[in-house]
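These notebook entries record what I looked up in one structure. I began with charges and rings and then turned to helices.

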Amino acid sequence: MTTQEEMYENFPISEVIMTNVLNFSGFTFGAILISFLNTWLGIIYFLFCIGTLVWVLKVRCSNCYYYGKRCVAGYGIISSKLFKKGDPEKFHQSVKYTIPVVYTPVFIGLYLVITELSTSIFIVFFLYLII
């Protein structure tokens, strides 16, 4: 009998693909939602998401147990190709860098729902929230 830890030394590729589809869907729906407020802000937000992802590869993934392995997002392998291995003790210190990526569309979506509610805004905001 294998343990959960042994089963996921390298995550199945199907989980890696699904995780990345969900991540990039969140980036995209967030950018579309922000674009209802201002197109350039939506573009800037999407670029910020990509920049944050690279930053996470450096600051978080290089300190992760899965560095050099296939984690649920596949970033452990990517990080090992781009950055030196870090200190696993620092892994949890880097979560705060992803907060703006997640919450900016929520606050802008709430603002838009209150001030400019339309079917399009509601649908995109709903899709962002369920992802």
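Entry 1. I looked for a charge placed over an aromatic ring in this predicted model. The charged end of arginine 60 lies over the ring of phenylalanine 91, at 3.9 Å from the ring centre.

Entry 2. How many aromatic pairs does a search of the whole structure find? I recorded five. I then examined the rings of phenylalanine 122 and phenylalanine 126. Their centres are 6.5 Å apart and their planes meet at 15°, so I noted this pair as stacked; the planes of a stacked pair must be under 30 degrees apart. I also noted that Phe11, Tyr65 and Tyr66 make up one aromatic cluster.

Entry 3. I next asked where phenylalanine 122 and phenylalanine 126 lie. Both belong to helix α6, which covers residues 119-130. They are four residues apart, about one turn of the helix. An α-helix has 3.6 residues a turn, so residues three or four places apart point the same way.

Entry 4. I turned to helix α4, residues 75-82, and asked which of its residues are buried. I found Tyr75, Gly76 and Ser79 to be buried. These residues span an arc of only 100° around the axis, so they are on the same side of α4. The elements that cover the buried residues of α4 include α2 (13-37) and α3 (39-59).

Methods: Residues numbered from 1 in each chain as written. Predicted model: local features only at pLDDT ≥ 70, side-chain atom pairs only at ≥ 80, totals over all residues. Heavy atoms only, no water. Phe/Tyr/Trp six-rings, centres within 6.5 Å; stacked < 30°, edge-to-face > 60°. Helix = DSSP H or I, 4+ residues; strand = E, 2+ residues; numbered from the N terminus. Lys NZ or Arg CZ within 6 Å of the ring centre and 35° of its normal. Buried < 20%, exposed > 50% of the residue type's maximum accessible area, 1.4 Å probe, protein only. Arc of directions from axis to C-beta. Contact = heavy atoms within 4.5 Å.
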